[in-house]
Amino acid sequence: MSKKAIGLTEEGILLAPLTGDALPSESDYFSLGKTYKDTATLETAEGETVSCECEELDDPEEETYIPGKTTLKFSTSDLDPASCHKAFGGTLSEDGGKWEAPDSIAPREVSVRFTTKSGLRMEIARAKIFSRINWAIKKDGYGLLEHTLTVLAPKAAGVKKMTIIDTSKAVVPPTQGEVSTQSASAPASTQSTKTTSSAKS
């Protein structure tokens, strides 16, 4: 039976920082806050068609299609110091009551995942995120953090840029980081020992 993509589960949109070629583990994922209503979209832009045309013919001899990039956009309404620190970096006081912006706010590379209320889980292996403040200072508006993520080609071998999993049918496989952790923590195989019977007196 086909399944529609509807809404988000309570965990919302989760991000995990990327370092080198290694994929993040389960514990690396975090949320930037609750997703503001009607702001989340995942869209692939229209591609571009390049035609090889000549004066002698009315129709092109060849045509090449260049796909458009895929972008995830969403906004969060949490503007407290801890939320700003997660979105932009910078300095957060020990008690979490004060945030100071970094001298330069640069985009970061992350992995992304979210699950719809209908049980479809989207995983984006590698994306570049840039966040900005859109603070509506008025009675009938909320200040927002607007996040834009561009899907990039994965660096890890054998990893696809996007994956959709029907969580009601498939067991969600562990990430590469989880597999490495499990392998490292697995106990060594127990060597068999021979038992010798005691000599009779």
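The largest nonpolar core has 18 residues, of which Ile13, Leu15, Leu72, Val112 and Leu149 touch the most other members. Such a core is a set of buried Ala, Val, Leu, Ile, Met, Phe, Trp, Tyr and Cys residues joined through side-chain atoms within 4.5 Å. Strand E6 (70-76), helix H1 (81-88), strand E9 (108-115), E10 and strand E11 (143-151) each supply at least two residues of this core. E10 gives the largest share, 4 residues. Helices (H or I, at least four residues) and strands (E, at least two) are DSSP runs, numbered from the N terminus. In soluble globular proteins, nonpolar side chains tend to be buried together.

The model is predicted: local features need pLDDT of at least 70, side-chain atom pairs count only at pLDDT 80 or more, and totals for chains, interfaces and linings use all residues. Residues are numbered from 1 along each chain as its sequence is written, and side-chain values use heavy atoms, with hydrogens and water left out.

Leu149 is one of the core residues with the most member contacts. Beyond its neighbours within four places in sequence, Leu149 is in contact (heavy atoms within 4.5 Å) with residues including Leu15, Leu72, Val112 and Ile129.

Strand E5 (residues 62-66) lies largely in the open, because 0 of its 5 residues are buried. Buried means under 20% relative accessible area, exposed over 50%, and partly exposed in between (1.4 Å probe, protein chains only). E5 pairs with strand E4 (residues 48-52) in the antiparallel sense over 5 bridges. Pairing requires at least two DSSP bridges between two strands. Ser51 stands opposite Glu63 in E5. Glu48 belongs to strand E4. With neighbours within four places in sequence left aside, Glu48 is in contact with Thr64, Tyr65 and Ile66. Glu48 and Gly68 are 20 residues apart in sequence, yet 7.1 Å apart in space, C-alpha to C-alpha.

The largest pocket holds about 590 Å³ of space. On a 1 Å grid over the protein atoms alone, a pocket is an open set of points with protein on both sides within 12 Å along at least five of seven lines, whereas a cavity is a set where a 1.4 Å probe fits but cannot get out; lining residues have an atom within 4 Å of a point. Grid points are joined across faces, edges and corners, and a volume is the space filled by probe spheres set on them. The pocket is lined by 27 residues, with Gly7, Leu8, Thr9, Thr35 and Ala40 nearest its centre. Strand E3 (41-44) and strand E10 (120-135) each supply at least two lining residues. The structure also holds 1 cavity of 30 Å³ or more.
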